[in-house]
Amino acid sequence: MAEIKVDPVDDHTMVIPETEISAQKPHRTLRVASLDIFRGLTVALMILVDDAGGEWPMIGHTPWHGCNLADFVMPFFLFIVGMAIPLALKRIPSKGKAVKKVVFRTLKLLFWGLLLQGGFSHAPDKLTYGVDMQMIRFCGILQRIAFAYLVVALVEIFLKDAQSNDIAAGYCSVFRLYCWHWLLGACILILYLAMLYGIYVPDWQFAVHDKESADYGRVFTVDCNVRGKLNPPCNAVGYIDREILGINHLYLKPAWRRAKACTENSPYEGPFKNDAPSWCHAPFEPEGILSSISAVLSTIIGVHFGHVLVHLKGHSERLKQWIMMGFALLILGIVLHFTHAIPLNKQLYTFSYVCVTSGAAALVFSAIYILVDIWGLKYMFVPLKWIGMNAMLVYVMAAEGIFAGFINGWYYEDPHNTLVGFSLELNRL
């Protein structure tokens, strides 16, 4: 799996007064349907880009700088996790119980992450299981979500006493109330930028461990001796992962293998050029240590949107906060990218990438909120709502190839005449 997913069991319930949903009685506890639907939409998007991204690279992960459709999935889930935290924890008065709940969910995410993305499961390609512990992949999508969830949820729990339910509707009121969250975000950003641009990256070597590669066992040397570079071979993100995790525990098939420098088939996968740089053969962890620290920022922004939902009771006040911040983040990220100050990069999880994807998440959620919670168009989104409420189940089925096996199991006359095969033929035409 190239991308993923979020713990669906966060019960994001809240009290919605009668003035907002006239059909409900005052103070009745309801799930926020728009958040379930947004999660379901993101899960569906994840399945689409995972299964079709290889054939349609314009929706798959960009090889390095830039941002394609698939690159929005991960930050969308982090945003959703953050937004659900205030809604889930506000109903737990005991800090001890809240911490136990957070730790349990973190461990559950880590377990599923190691099982599904650590290399133990080889489905659906080989339908075999088992992994050499010397080669297990420690990091992954669910592990990143677990880390961001744990950090932000603990901050939310231990600063809960300072929160007030009655605040003014001014734009800065929620920011002031949760200033410690933003101080944490600022510290994370400073730490990330200092390490990204300040760490010296020396030359390094690696051996190809991908048994399917024609270069299996071959040793390559990568020349760096630089500081502050954001190119594929010599960035601080990769260096930290190689030093701490070990190069044998990184992702073997990073998206940069589809870069123009590596293959003539770019942006499609294909054999490496004869003169391809040595780093094209190297592993790289797209959910590594330093990039996961930066990813916490997406969750902090999501928490702010959850705070707005909890504290501001009017639709217009909420939408004003969400849409203004969404456009501000989007514009800031685009400016940083196109001025070449900080490029958009999912694998490095750069600050411009945080801004663009969080801004997009804010605007998409705002649109869903208008359609569902204001206009009442819930029935047209019932499938997405179900997926959103059962996201972990759907993710496991997708990761284990159950969905792909079901779709490809229906054919006409010949097993190759499937719906997927037909769509690929259309794409080639």
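Helices (H or I, at least four residues) and strands (E, at least two) are DSSP runs, numbered from the N terminus. This is a predicted model, in which local features need pLDDT of at least 70 and side-chain atom pairs count only at pLDDT 80 or more, while totals for chains, interfaces and linings use all residues. Residues are numbered from 1 along each chain as its sequence is written, and side-chain values use heavy atoms, with hydrogens and water left out.

**View 1. Gln347 in the loop between helix H9 (315–338) and helix H10 (351–374).** Gln347 has 5% relative accessibility and counts as buried (under 20% relative accessible area; exposed is over 50%, partly exposed in between; 1.4 Å probe, protein chains only). The side chain of Gln347 reaches the backbone oxygen of Pro63 at 2.9 Å. Leaving aside residues up to four places away in sequence, Gln347 touches residues including Thr62, Trp64, Trp256 and Phe284 (contact means heavy atoms within 4.5 Å).

**View 2. The salt bridge between Arg39 and Asp36.** A salt bridge is a side-chain nitrogen of Lys or Arg within 4 Å of a carboxyl oxygen of Asp or Glu. The N to O distance for Arg39 and Asp36 is 3.4 Å. The two are three residues apart in helix H1 (residues 33–52), and therefore separated by about one helical turn.

**View 3. A network of salt bridges that links Arg137, Glu285, Glu287 and Lys346.** Arg137 meets Glu285 at 2.7 Å, N to O. That pair links distant parts of the chain, 148 residues apart. Glu287 also forms a salt bridge with Arg137, with the closest N and O atoms 2.8 Å apart. Glu287 lies in the loop between H7 and H8 and Arg137 in the loop between H3 and H4, so this pair ties together parts 150 residues apart in sequence.

Technical notes: Polar contact = N/O pair within 3.5 Å; in protein donor to acceptor, adjacent residues only side chain to side chain.
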